[in-house]
Amino acid sequence: MIDWSLIEAWPLAEVVRRSVWAYPVLESVHIAAFAALVGSLLLLELRVFGVQRALPLPALARLTVRTALAAFVLAGASGSLLFISAATELAANPAFRLKLVLILMAGVNALVFHARDSVRR
C-alpha cells in the first residue's frame, strides 16, 4: 500500500496546497488543457466521420494530433501537481480512480487507432 502522505509532504505539494494562487491557476490550466484536448480530437473525429470532406485528412490529423498531445502533456502535468497537494484524499476517491481508468482506456484506444494507421484508411 502506498503511503500518499509522503507525497503530500513534498515541498512542491506544500507550495501548491498553501499558495493562494497555485491551486486555482493549476486548475484553470488543467481545464483549459482538457478543453484543447477534447476540442482538437472532436475536430478530427468530425472529419473522419465525413464532415468537411474538402479538408485534407492527413494535414488536419497532423495538426489536431500534435495539439492533442501537447494538451494531454499539459493536462497531465497540471493534474499531477493538483494530485500531489491532496494525494491521500484523491487516491481514496472512487470517482478519481475511475477517471484514471477512463484516461488509460482512451490512451489505449488512441494507440490502437494510430497503430492501425486508421487516419490514412
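**Entry 1: Trp4**

I started with Trp4, which counts as partly exposed because its relative accessibility is 25%. My scale: buried is under 20% relative accessible area, exposed is over 50%, and partly exposed lies in between, with a 1.4 Å probe and protein chains only. I note that this is a predicted model, where local features need pLDDT of at least 70, side-chain atom pairs count only at pLDDT 80 or more, and totals for chains, interfaces and linings use all residues. Residues are numbered from 1 along each chain as its sequence is written, and side-chain values use heavy atoms, with hydrogens and water left out.

**Entry 2: ring pairs**

I looked up aromatic pairs and found two. Rings of Phe, Tyr and Trp (its six-membered ring) pair if their centres lie within 6.5 Å; planes under 30 degrees apart are stacked, over 60 edge-to-face, the rest tilted.

Trp4 and Phe83 are edge-to-face, because their ring planes stand at 90°, with centres 5.3 Å apart. This pair links distant parts of the chain: Trp4 sits in helix 1 (residues 4-8) and Phe83 in helix 4 (residues 57-85), 79 residues apart. Helices here are DSSP runs (H or I, at least four residues), numbered from the N terminus.

Is Phe83 buried or exposed? Phe83 counts as buried, at 16% relative accessibility. Phe83 also pairs with Phe96: the centres are 5.5 Å apart and the planes at 10°, so I log this pair as stacked. Phe96 belongs to helix 6 (residues 94-115), 13 residues from Phe83. Phe96 is buried too, like Phe83. I therefore draw Trp4, Phe83 and Phe96 as one cluster linked by ring pairs.

**Entry 3: nonpolar core**

Which residues make up the largest nonpolar core? I count seven: Ile7, Ala13, Phe83, Ile84, Ala87, Ala91 and Phe96. Such a core is a set of buried Ala, Val, Leu, Ile, Met, Phe, Trp, Tyr and Cys residues joined through side-chain atoms within 4.5 Å. Helix 4 and helix 5 (87-91) each supply at least two of its residues.

I then checked Ala87. Not counting residues up to four places away in sequence, Ala87 touches Trp4, Ile7 and Glu8. Contact means heavy atoms within 4.5 Å.

**Entry 4: His30**

I moved to His30, in helix 3 (residues 22-48). His30 counts as buried, at 19% relative accessibility. Its side chain makes a polar contact with the side chain of Ser78 at 3.1 Å. A polar contact is a pair of N or O atoms within 3.5 Å; within protein, one must be able to donate a hydrogen and the other to accept it, and residues adjacent in sequence count only if both atoms are side-chain atoms. Leaving aside neighbours within four places in sequence, His30 is in contact with Ala75, Ser78, Gly79, Leu82 and Lys99.
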